[in-house]
2 protein chains.
Amino acid sequence: MAGLEYVPLEKLLHQISGRWTMYILWILDTNGKLRFGELKRKVEGISTKVLTERLRMLEQAGIIHRHYEAEIPPKVSYELTEQGKELSEPLYQLCELATRWYGDEHN
Amino acid sequence: MAGLEYVPLEKLLHQISGRWTMYILWILDTNGKLRFGELKRKVEGISTKVLTERLRMLEQAGIIHRHYEAEIPPKVSYELTEQGKELSEPLYQLCELATRWYGDEHN
DNA sequence: CGGTATCCGTGTTGATACTG
DNA sequence: CAGTATCAACACGGATACCG
């Protein structure tokens, strides 16, 4: 039987879909590098646990990069990788389509 | 708080992601109109319940069209709507990207 | 043929409390 | 500041049996 990875597209969609994920990517795409706290404030309503999960997942997928500075207080920031930026283009198209279908009240 | 529909893109991705969904769309895109049984045979391993769920969901989203003929035996076929076909283009791009990232052993 | 109905295991999401 | 740990709630996938 096929399994989840049969089509690479399914694997990719599996990574970028799911609650919050796209929103996080969108915000990183439009804002550039952000610290954990800033990100959490912009993705209003997300819990630290879920944000952490998403960031780890995206990092492992090579879509975002985590930059850690061992200071006091600790400073950690995230940004899209070059690979991650490749998503912008097709995603923007899908977004345009989604906006056309479902309205643009929320951008 | 935001909710699932905050970004239209999330709503769209929510609809087309999830196990089997993309695969179903892919098959309808490449094969054209198909009957329930044919579809089920092509999406090897899927249960009737899940296939039905996905088809209902996609139908409600306006992505596929259900054509019912009250014969004996009953004949029901599915195909992409014009709206559904709009997905092909951006999806194809994402697919190219996914293939480049994750390999093309499986097409 | 083309589905429904039911049930259940598992994964995902999330709130809350706590830590280096 | 940037998380980890824990536990509860729920959505999702899938097997099986039955129906018009």
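A polar contact here is a pair of N or O atoms within 3.5 Å, and within protein one of the two must be able to donate a hydrogen and the other to accept it, while residues adjacent in sequence count only if both atoms are side-chain atoms.

Some conventions, briefly. Residues are numbered from 1 along each chain as its sequence is written, and chains are lettered from A and ligands numbered from 1 in the order in which they are written. Because the model is predicted, local features need pLDDT of at least 70 and side-chain atom pairs count only at pLDDT 80 or more, whereas totals for chains, interfaces and linings use all residues; side-chain values use heavy atoms, with hydrogens and water left out.

Staying with DNA strand C, 20 residues surround it, the closest being A:Trp20, A:Lys49, A:Arg54, B:Arg66 and B:Tyr78, where near means that a heavy atom of the residue lies within 4 Å. Of the DNA atoms that come within 4 Å of the protein, sugar and phosphate account for 67%. A:Trp20 has a side-chain N or O atom 2.7 Å from a phosphate oxygen of DNA strand C, and for B:Arg35 a polar side-chain atom lies 2.8 Å from a phosphate oxygen.

Which element gives the largest share of the surface near DNA strand C? That is α4(B), with 4 residues, helices being DSSP runs of H or I of at least four residues and strands runs of E of at least two, numbered from the N terminus.

Now to the sheet of chain B, in which 3 strands form an open arrangement in the order β1-β3-β2, with antiparallel pairing; two strands pair if DSSP finds at least two bridges between them. The edge strands are β1 (34–35) and β2 (64–69), each pairing on one side only. Between β2(B) and β3 (residues 75–80) of chain B there are 6 bridges, and B:Tyr68 stands opposite B:Val76 in β3(B).

Helix α2 (residues 21–31) of chain B packs on this sheet, touching β1, β2 and β3 of chain B, where contact means heavy atoms within 4.5 Å. The direction of α2 makes about 90° with that of β3(B), given that axes are lines fitted to C-alpha atoms, for helices over the stretch in contact, and that angles run from 0 to 180 degrees between N-to-C directions.
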